Amino acid sequence: MCGITGFFNITESVESTFSSLKGLVERGRDGSGIFDGSSVEFFDFDKIQNIEKLKKLDNNSKYSFGHNLHSVVGSVSQPLIKENKKLIVNCEIYNWKQINEKFNFETNNDSETLFFLLDKFGPEKISEALEE
(Lines give C-alpha, C1' and ligand atoms only; values in the text may rest on other atoms or scores of the structure.)
Protein backbone atom coordinates (compact mmCIF):
# COMPACT_ATOMS: atom_id res chain seq x y z
CA MET A 1 0.00 0.00 0.00
CA CYS A 2 1.28 3.46 -0.91
CA GLY A 3 1.88 6.27 1.56
CA ILE A 4 -0.14 9.46 0.99
CA THR A 5 0.02 12.70 2.95
CA GLY A 6 -0.92 16.36 2.63
CA PHE A 7 -1.04 19.60 4.56
CA PHE A 8 -3.29 22.65 4.20
CA ASN A 9 -3.06 26.17 5.60
CA ILE A 10 0.15 25.71 7.55
CA THR A 11 3.52 27.33 7.18
CA GLU A 12 6.30 25.16 5.82
CA SER A 13 3.83 22.71 4.27
CA VAL A 14 6.48 21.18 1.97
CA GLU A 15 8.82 20.47 4.89
CA SER A 16 5.91 18.91 6.80
CA THR A 17 4.97 16.79 3.79
CA PHE A 18 8.59 15.66 3.30
CA SER A 19 8.90 14.69 6.98
CA SER A 20 5.58 12.87 6.88
CA LEU A 21 6.57 10.93 3.74
CA LYS A 22 9.87 10.04 5.35
CA GLY A 23 7.90 8.50 8.22
CA LEU A 24 5.79 6.57 5.70
CA VAL A 25 8.73 5.38 3.56
CA GLU A 26 8.05 1.74 4.38
CA ARG A 27 4.63 2.14 2.73
CA GLY A 28 6.39 2.57 -0.62
CA ARG A 29 10.05 2.60 -1.63
CA ASP A 30 9.56 2.67 -5.41
CA GLY A 31 9.61 6.48 -5.66
CA SER A 32 8.26 9.57 -3.96
CA GLY A 33 6.76 12.83 -5.12
CA ILE A 34 5.67 16.14 -3.63
CA PHE A 35 3.39 18.78 -5.19
CA ASP A 36 3.54 22.25 -3.60
CA GLY A 37 0.67 23.95 -5.41
CA SER A 38 2.69 24.96 -8.46
CA SER A 39 5.63 22.54 -8.87
CA VAL A 40 6.18 18.84 -8.47
CA GLU A 41 9.38 17.04 -7.61
CA PHE A 42 10.03 13.30 -7.75
CA PHE A 43 12.78 11.66 -5.71
CA ASP A 44 14.03 8.49 -4.06
CA PHE A 45 14.42 8.43 -0.26
CA ASP A 46 17.30 5.99 -0.65
CA LYS A 47 19.22 8.78 -2.43
CA ILE A 48 17.77 11.96 -0.90
CA GLN A 49 17.51 12.25 2.87
CA ASN A 50 17.45 16.03 3.04
CA ILE A 51 14.72 18.42 1.84
CA GLU A 52 17.33 20.97 0.71
CA LYS A 53 18.05 18.71 -2.29
CA LEU A 54 14.53 19.40 -3.60
CA LYS A 55 15.18 22.78 -5.25
CA LYS A 56 11.95 23.30 -7.21
CA LEU A 57 9.57 23.21 -4.24
CA ASP A 58 8.32 26.30 -2.39
CA ASN A 59 8.25 25.65 1.36
CA ASN A 60 6.05 28.74 1.81
CA SER A 61 3.23 27.20 -0.19
CA LYS A 62 -0.13 27.14 1.63
CA TYR A 63 -0.56 23.45 0.88
CA SER A 64 1.31 20.41 -0.39
CA PHE A 65 0.66 16.75 -1.14
CA GLY A 66 3.04 13.81 -1.10
CA HIS A 67 3.08 10.21 -2.25
CA ASN A 68 5.33 7.19 -1.64
CA LEU A 69 4.85 4.59 -4.36
CA HIS A 70 4.54 0.90 -3.60
CA SER A 71 4.53 -0.43 -7.14
CA VAL A 72 2.33 -3.48 -7.63
CA VAL A 73 1.41 -2.85 -11.28
CA GLY A 74 3.73 -0.62 -13.29
CA SER A 75 5.68 2.27 -11.91
CA VAL A 76 4.26 5.75 -12.43
CA SER A 77 5.38 8.58 -10.17
CA GLN A 78 2.70 10.52 -8.36
CA PRO A 79 1.24 13.09 -7.97
CA LEU A 80 -0.20 12.78 -11.47
CA ILE A 81 -0.62 16.24 -13.01
CA LYS A 82 -2.21 17.52 -16.21
CA GLU A 83 -2.95 21.24 -16.52
CA ASN A 84 -5.06 22.12 -13.46
CA LYS A 85 -5.88 18.49 -12.58
CA LYS A 86 -3.94 16.61 -9.89
CA LEU A 87 -4.35 13.13 -8.48
CA ILE A 88 -2.73 11.12 -5.74
CA VAL A 89 -4.28 7.70 -5.34
CA ASN A 90 -3.76 4.24 -3.99
CA CYS A 91 -5.87 1.92 -6.10
CA GLU A 92 -6.09 -1.52 -7.61
CA ILE A 93 -8.01 -1.69 -10.88
CA TYR A 94 -7.76 -5.29 -11.99
CA ASN A 95 -9.01 -4.72 -15.55
CA TRP A 96 -7.01 -1.56 -16.27
CA LYS A 97 -5.51 -3.03 -19.46
CA GLN A 98 -8.99 -3.75 -20.86
CA ILE A 99 -10.08 -0.21 -19.97
CA ASN A 100 -7.02 1.14 -21.81
CA GLU A 101 -7.97 -0.86 -24.89
CA LYS A 102 -11.61 0.25 -24.75
CA PHE A 103 -10.73 3.96 -24.63
CA ASN A 104 -7.39 3.86 -26.51
CA PHE A 105 -5.46 5.08 -23.48
CA GLU A 106 -1.72 4.61 -23.35
CA THR A 107 -1.07 4.21 -19.65
CA ASN A 108 1.42 2.18 -17.65
CA ASN A 109 -0.68 1.23 -14.63
CA ASP A 110 -4.07 1.38 -12.93
CA SER A 111 -3.53 4.76 -11.26
CA GLU A 112 -2.75 6.41 -14.57
CA THR A 113 -5.80 4.73 -16.11
CA LEU A 114 -8.01 6.22 -13.39
CA PHE A 115 -6.46 9.65 -14.01
CA PHE A 116 -7.22 9.39 -17.75
CA LEU A 117 -10.80 8.27 -17.00
CA LEU A 118 -11.35 11.21 -14.66
CA ASP A 119 -9.87 13.60 -17.20
CA LYS A 120 -11.99 12.26 -20.07
CA PHE A 121 -15.34 11.69 -18.34
CA GLY A 122 -15.25 13.44 -14.97
CA PRO A 123 -16.12 11.66 -11.72
CA GLU A 124 -19.85 11.74 -12.39
CA LYS A 125 -19.68 9.85 -15.71
CA ILE A 126 -17.00 7.18 -15.17
CA SER A 127 -19.42 4.39 -14.20
CA GLU A 128 -21.70 5.21 -17.13
CA ALA A 129 -18.78 5.23 -19.60
CA LEU A 130 -17.47 1.88 -18.34
CA GLU A 131 -20.90 0.24 -18.64
CA GLU A 132 -21.32 1.13 -22.33
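A polar contact is a pair of N or O atoms within 3.5 Å, where one must be able to donate a hydrogen and the other to accept it. Keep that in mind for these close-ups of a predicted model.

**View 1. Ser64 and its polar partners.** Here the side chain of Ser64 meets the side chain of Thr17 in a polar contact of 2.5 Å.

View 2. Ser64 belongs to strand β4, which covers residues 63–68. Is Ser64 buried or exposed? Ser64 counts as buried because its relative accessible area is 0%, and the cut-off for buried is under 20%. Setting aside neighbours within four places in sequence, Ser64 has contacts that include Gly6, Phe7, Val14, Ile34 and Asp36. Glu15 sits 49 residues away from Ser64 in sequence, yet their C-alpha atoms are 9.2 Å apart in space.

**View 3. Helix α3 from end to end.** Helix α3 takes in residues 110–121, 12 residues in total, and its first and last C-alpha atoms are 16 Å apart, close to the expected 16 Å. At the start of α3, a side-chain oxygen of Asn109 comes to within 3.2 Å of the backbone nitrogen of Ser111. Just after the helix, Gly122 has a positive phi of about 80 degrees.

**View 4. The buried residues of α3.** Which residues of α3 are buried? They are Asp110, Ser111, Glu112, Thr113, Leu114, Phe115 and Leu117. And what do these buried residues pack against? Their partners are β5 (80–82), β6 (85–87), α2 (96–103) and α4 (126–131).

Technical notes. Residues are numbered from 1 along each chain as its sequence is written. This is a predicted model: local features need pLDDT of at least 70, side-chain atom pairs count only at pLDDT 80 or more; totals for chains, interfaces and linings use all residues. Side-chain values use heavy atoms; hydrogens and water are left out. Helices (H or I, at least four residues) and strands (E, at least two) are DSSP runs, numbered from the N terminus. The expected span of a helix is 1.5 Å times one less than its number of residues. Buried means under 20% relative accessible area, exposed over 50%, partly exposed in between (1.4 Å probe, protein chains only). Contact means heavy atoms within 4.5 Å.
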